[in-house]
Amino acid sequence: MSERVLIVDFGSQVTQLIARRVREAGVYCEIHPFNRVTVDSIRDFGAKAVILSGGPASVTEAGSPRAPQGLFEMGLPILGICYGQQTLCEQLGGKVEPGHHREFGRAMLKLAEPCALFDGVAAKGDEVQVWMSHGDRVTAIPAGFKVVATSEGAPFAAIANAEKRIYGVQFHPEVVHTPIGKQLLSNFVHKIAGCAGDWTMKAFKAQEIAKVRAQVGSGRVICGLSGGVDSSVVAALLHEAIGDQLTCVFVDTGFMRSGEADQVVSLFRDRFNIKLVHKDASDLFLDKLAGLTDPEKKRKIIGATFIDVFEEEAKAVGGADFLAQGTLYPDVIESVSFTGGPSVTIKSHHNVGGLPERMNMKLVEPLRELFKDEVRELGRELGLPDDMVGRHPFPGPGLAIRIPGQPLTRENLDILRKADAVYLDEIRKAGLYDQIWQAFAVLLPVRTVGVMGDSRSYDYACALRAVTSTDGMTADFYPFDMAFIGRVANRIINEVKGINRVTYDVTSKPPGTIEWE
Ligand code: XMP
């Protein structure tokens, strides 16, 4: 087992980023909610170091969360961040007081003492930019600690007990606005905790393959392949682990993008030699959605029809003992929620909801410990082509939720598919694909008058959407230059029969959503 760091979550919005930075430093780590962490659980986990996260509570309030007191006697290196620093100070005999003014945003940190945390980034007397977000502040540090850095609002901005390897920082090293933060966390796990940093995707792949083999034995596994990154990586990994015990089912809803179905089949069946059932269910989906325009009704019918078709195809190949799913780490982190008290919220998504119970299958989820960009790296490690692993997200209901306000027909799906393909082609040619979270065309339910050559046209308008985002939860529109938009509009109007007007959507999320429906 590789060396592991435990992150105790006190409910900060950015706890996941601590995990990202630690993993980027080549060290495996997990986030556990504070109310599940005990001295025994830390020992069982095999932690080589512990990081205490920030959080929204105040240590000055009765009943606010604490780290297990015994943690400080375990001899493990500890780094407390923001609330984590405050609770470790308070628990070790220091003092925390409510702040008279909140310090929020960029602050300058001044190094007062040499400290291993700042090795290679700042020396005594240097000033560096950090990101602060706190109300309370430490006003007296525990015995044995030294102040190693100060800021205007936090006289104890970084403290250290080098002998016991316990450190605390008031600022957030995990966010990008603390440019030295990445190095600081790397220093903590490598130089202070002595982790080798040998957690690589290659090692992870080997470990997961062994786990899958142990879990599945000689059982049969079925996997719904959508053409998206997550299910593709699951399929490639399982195939490498269990070969022909895996059958993939690709349900073609008819709402896929241009060429997508062919790409999936040729990559997985022809190149990877995976047993693949390709079910063209487009007639059924169109039938079930005939005449419907309400977005929620469409989504529900598509979801239910998908499960029916998948189940039928799974039965047709003789059923399976396991269902493989591309669940990712952000979906399984039991993060601490402070809305309505320190309760534990477990988010779990089922791409083919209800099926495992209905068909009496157990779940195989080999990506449960990975973040999205790690999944991409694993995909590359498994030999999936770059254009597959770097793909933009695509919603399950596909193009069906990109034709608002008018019934779905093969004709309007075709028009949209063509416009979308031209748009993405231009984005790729301009070298912008990887800077954009998601880009797509939407076919609008209005026809407008145009003039083409000498004749009048009366065709549909389409909207182009492109957003930047890190997780799909919030998003900004992508600021293309107008010449680019003009070029795309020109090509769509000239090449796609049925569209004579193009608009660009400049709505952020919130208040908009990424998809139009
Ligand atoms: P919204 O439109 O809610 O989308 O801002 C956020 C992200 O989720 C994707 N999305 C879906 N993905 N099934 C999916 O697998 C769905 O029903 C679905 N609806 C939206 C959307 O494309 C964006 O990436």
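Predicted model: local features only at pLDDT ≥ 70, side-chain atom pairs only at ≥ 80, totals over all residues.
Colleague: Okay, rings. How many aromatic pairs does the count come to?

Modeller: A pair of aromatic rings is described by the distance of the centres and the angle of the planes. Here, rings of Phe, Tyr and Trp (its six-membered ring) pair if their centres lie within 6.5 Å; planes under 30 degrees apart are stacked, over 60 edge-to-face, and the rest tilted. That rule gives 13 aromatic pairs. Take Phe 255 and Phe 285: they are edge-to-face, with 6.1 Å centre to centre and 80 degrees between the planes.

Colleague: Which parts does that pair tie together?

Modeller: Helices (H or I, at least four residues) and strands (E, at least two) are DSSP runs, numbered from the N terminus. Phe 255 is in the loop between β13 (246-252) and α7 (260-271) and Phe 285 is in helix α8 (residues 282-289), so the contact ties together parts 30 residues apart in sequence.

Colleague: And is Phe 285 buried or exposed?

Modeller: Phe 285 is buried, at 1% relative accessibility. Phe 255 is buried too, at 1%. Elsewhere, ring pairs join Tyr 423, Tyr 478, Phe 480, Phe 484 and Tyr 504 into a cluster.

Colleague: What lies over the face of Tyr 329?

Modeller: A charge sits over a ring if NZ of Lys or CZ of Arg is within 6 Å of the ring centre and within 35 degrees of the ring normal. Over Tyr 329 you'll find Arg 23, at 5.1 Å from the ring centre.

Colleague: Now the charged pairs. How many salt bridges does the structure hold?

Modeller: Side chains of opposite charge can pair when their charged atoms come close. A salt bridge here puts a side-chain nitrogen of Lys or Arg within 4 Å of a carboxyl oxygen of Asp or Glu, and the structure holds 34 of them. One of them joins Lys 48 and Glu 3 (3.2 Å, N to O). Lys 48 is in strand β3 (residues 47-52) and Glu 3 in the segment before β1 (4-9), so this bridge ties together parts 45 residues apart in sequence. Lys 48 is partly exposed at 29%, and Glu 3 is partly exposed at 25%.

Note on methods: Residues numbered from 1 in each chain as written. Heavy atoms only, no water. Buried < 20%, exposed > 50% of the residue type's maximum accessible area, 1.4 Å probe, protein only.
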